[in-house]
Amino acid sequence: MNNTNTTIDQLSKHVGQQVVLTGWLYNSRSSGKIAFLIVRDGTGLCQCIVEKSSVPEDVFEQAKGLTQEASVRIEGLVREEPRAPGGYELHVTNVQPIAPSVHYPITPKPHGIDFLMRNRHLHLRSKRPWALMRIRYTIIDAVRRFFDSRGFILIDTPILTPSAGEGAQTLFEVDYFGEPVYLAQTGQLYLESAAMAHRKVYCFGPTFRAEKSKTRRHLTEFWMVEPEVAFITLDELMGLAEDFVCSIVEAVLADRKEELKTLERDTSPLEALKRPFARLSYSQAVDLLRGPAAQDFLAGEMERLQSRINDMQANIAKLQAELANARKPAQQDLLTRQIQEARDEMADLQEQLQHIPEHMKIVQDFRWGDDLGGADETVISRTHDRPVFVHHYPREAKAFYMKLETEDQGRTVRNFDLLAPEGYGEIIGGSMREDDYDTLVSRIKEMGMNPEDYAWYLDLRKYGSVPHGGFGLGIERTVAWICGLKHIRETIPFPRLLGKVYP
Ligand code: 4AD
Ligand code: MG
C-alpha cells in the first residue's frame, strides 16, 4: 500500500488511512507488549501505539529504544481517539530512526527558568514555548493585517542611527568606521518623513534600549510596530489604537484557543474586551493615585496576597506529605515539580506583599510632573475593568518630539500611554508630534540635545508642516498580557536582558 506523507495537524483528513509521520520523540512509555510513543512533528503531538504482536520483532525493539528528541520516521494507521492529545492516534506498522539524541538536557523533570533560558535553543521545542511562539506569530500577523487592510504603507526604517530617537540614557553605541552611531530606539523620526510622502505609514522592526533595569517588563532588544499618520488628531489616534488592540485580541481568540489552554490562560478577560477603553488625563490619574481608591485597592491587594500565601503554604505541606508516601518515580517527579513551582510562586507573592506598604505611601505622595512607574500603572489599570488611556502627561516627563498642548500653555503634551488590563502596564506609547519649527528647536535644546543633529528632522517642519501623530506598540509586552505571563523573557524566541545574551 502507498503511504501518504502527512503532518499531525492534518491527521483528521486521513482517518482509516496508512500514513507516514516524521518528527521527534517527545515522550514515551512501554511495557513488554506495547509501547506508547508521543511524537511531535512541529505541528502538534500524536500518540503512536506500537503493539508487539502486530509489528516485526526488530521494529518493536527500535520503538522501545528511542530516546527523548531522537528524530524518527513512523508509519501507521490513523484512528480517531477523543482521549488522545489532538484527538487522533497512530497504530504503528513501522519505525525508522533518523538520528539519535543522547541525554537530552531538558527532561520531563523540573528545571529552573535560568537553566531553561540557557538552553533556549532546545527549550523552544517544549510545549509551553511552542504555544507561546505560535501566539506571538498570530499577533504579528494580526498587526500586519490591520494596517495593510487600512491602507497603510509599510516603511522600513534604519537600525543604525546617527542620533537618539527617544532620549540619550538608553542608547547602545556602535563603532561605525570610527564614528559613533546608535542602535535605533524607535523608527518614528524616519517614519514621520515617510508620512509626509504617503500619509499613512507603519514600520515594524527590532528596537534597542540599553535599559539598566531588571524588571519583568524590560528587554534590551524588542520588536515594535509604529503607525504614523498625517492630518490626524489625538482623539482619532486613540481610536485607532483601540481598534488595533481589539483586532489583535480577536485574532488570537479566533486562532489560538488550544495554545492559550496549554498556557492555562483564563481567557474571560480577553473575551470581555470591548470599546470604548477608559480615558484619563494624567492629572486625573494622579488624583486617582493620591486618593482613597488607590489605598483601598492596595489594602485589598495585601489581603488577597496574604490569603493566597496561606493557601499556598497549606498546599505545599500537603504535597510534601504526599511525596513522603509516594513510591513510583514518576509520581515523585511530579510532586517534586509541583512543590518547586508552589515555592517559586510563594516567594514571588511574598516579595509583592513586602512592597505594598511602601507603595501605599509613594502613591499618596505622588508628585505632579513625575512619570508614572510600573507600580503606579498597575494601580491605575487594576482599578479599571478595561484598558486605560492616560493622556496629556507633563512635558518634562516625556520625549522632545511630543506636541505641546496649546490650551494649557504647553504645561502638558498631546500624548497617551495605553495601559493593558489586569495590571500589565504600558503596551503603547504615542503622541501628536511637535509640528512648529521654532518650538521644536527649543524643545531639542531644552533636552540638552543639539538641533544640528536633527537638521533633517527639522526640515519636515520647514516644508509643508502638518499636524501628525502616531504610536508604538511593543510586541513582547502585548504577548505577555495576552498570554498572562509574569515575565517578558518568555515572549521572544531569544530574549536579550541586562547581563543576558546567551544563546
Ligand atoms: O513608549 P515608547 O518608548 O515609545 C516610542 O518609542 C515612540 N517613538 C513610539 C511612537 O510614538 N512611534 O515605546 C513604545 C512601546 C512601549 O509602550 C512598550 O510596549 C514598548 O514599546 N517598549 C518596550 N518593550 C520591552 N522592553 C523595553 N525596554 C521597552 N521599551 C518600550
Ligand atoms: Mg513609553
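Cys46 counts as buried, at 1% relative accessibility. Keep in mind that this is a predicted model. So what is the closest cysteine sulfur to Cys46? That sulfur belongs to Cys48, and the separation is 4.2 Å, too far for a bond. The cut-off for a disulfide is 2.5 Å between the sulfur atoms.

Next, Cys246. Its relative accessibility is 3%, so Cys246 is buried too. The closest cysteine sulfur sits in Cys483, at 17 Å. Again, that is too far for a bond.

Three strands make an open sheet, and their order is 8-10-9. The pairing is antiparallel. Strand 8 covers 160-161 and strand 9 covers 173-176, and both stand at the edges. Each has a single partner strand, so one side of each has no neighbour in the sheet.

Now the bridges. Strand 10 spans residues 179-183, and two bridges join strand 8 to it. Thr161 has Tyr182 of strand 10 as its bridge partner. On the other pairing, strand 9 and strand 10 are antiparallel over four bridges. Which residue of strand 10 is the bridge partner of Glu173? Tyr182. So far, then, Tyr182 has come up as partner to Thr161 and to Glu173.

Look at the hairpin of strand 9 and strand 10. Two residues lie between the strands. Phe177 there takes a positive phi, near 50 degrees.

Phe177 also belongs to a nonpolar surface patch, along with Ile159, Leu160 and Tyr176. Together these residues have about 440 Å² of accessible area. Take Leu160, which is in strand 8. Is Leu160 buried or partly exposed? Partly exposed, with a relative accessible area of 42%.

First up, Thr207. This residue is in strand 11, residues 200-208. Its relative accessible area is 3%, so Thr207 is buried. Setting aside neighbours within four places in sequence, Thr207 contacts Ala184, Gln185 and Thr186, and also Thr220, Glu221, Phe222 and Met224.

Then Glu228, in strand 12, residues 221-230. Buried or exposed? Buried, at 0% relative accessibility. What does Glu228 touch, not counting residues up to four places away? Among them are Phe152, Gln188, Leu191, Glu192, Arg199 and Lys200. Arg433, His468, Gly469 and Gly470 are also included.

Last, Met432. Its place is in strand 16, residues 425-432. At 6% relative accessibility, Met432 counts as buried. How far apart in space are Met432 and Pro467, C-alpha to C-alpha? The distance is 7.4 Å, for residues 35 apart in sequence. Beyond four places in sequence, Met432 touches Ile232, Thr233, Leu234 and Leu237, then Tyr401, Met402, Lys403 and Arg414, and finally Pro467, His468 and Gly469.

One link to point out on screen. His468 and Gly469 are touched by Glu228, and Met432 touches them as well.

Terms used. Residues numbered from 1 in each chain as written. Chains lettered and ligands numbered in written order. Predicted model: local features only at pLDDT ≥ 70, side-chain atom pairs only at ≥ 80, totals over all residues. Heavy atoms only, no water. Pairing = 2+ DSSP bridges. Buried < 20%, exposed > 50% of the residue type's maximum accessible area, 1.4 Å probe, protein only. Patch = residues over 30% accessible without salt bridge, like charges linked within 9 Å, V, L, I, M, F, W, Y side chains within 5 Å. Areas by Shrake-Rupley, 256 points an atom, 1.4 Å probe, with all protein chains shown as cover. Salt bridge = Lys/Arg side-chain N within 4 Å of Asp/Glu carboxyl O. Contact = heavy atoms within 4.5 Å.
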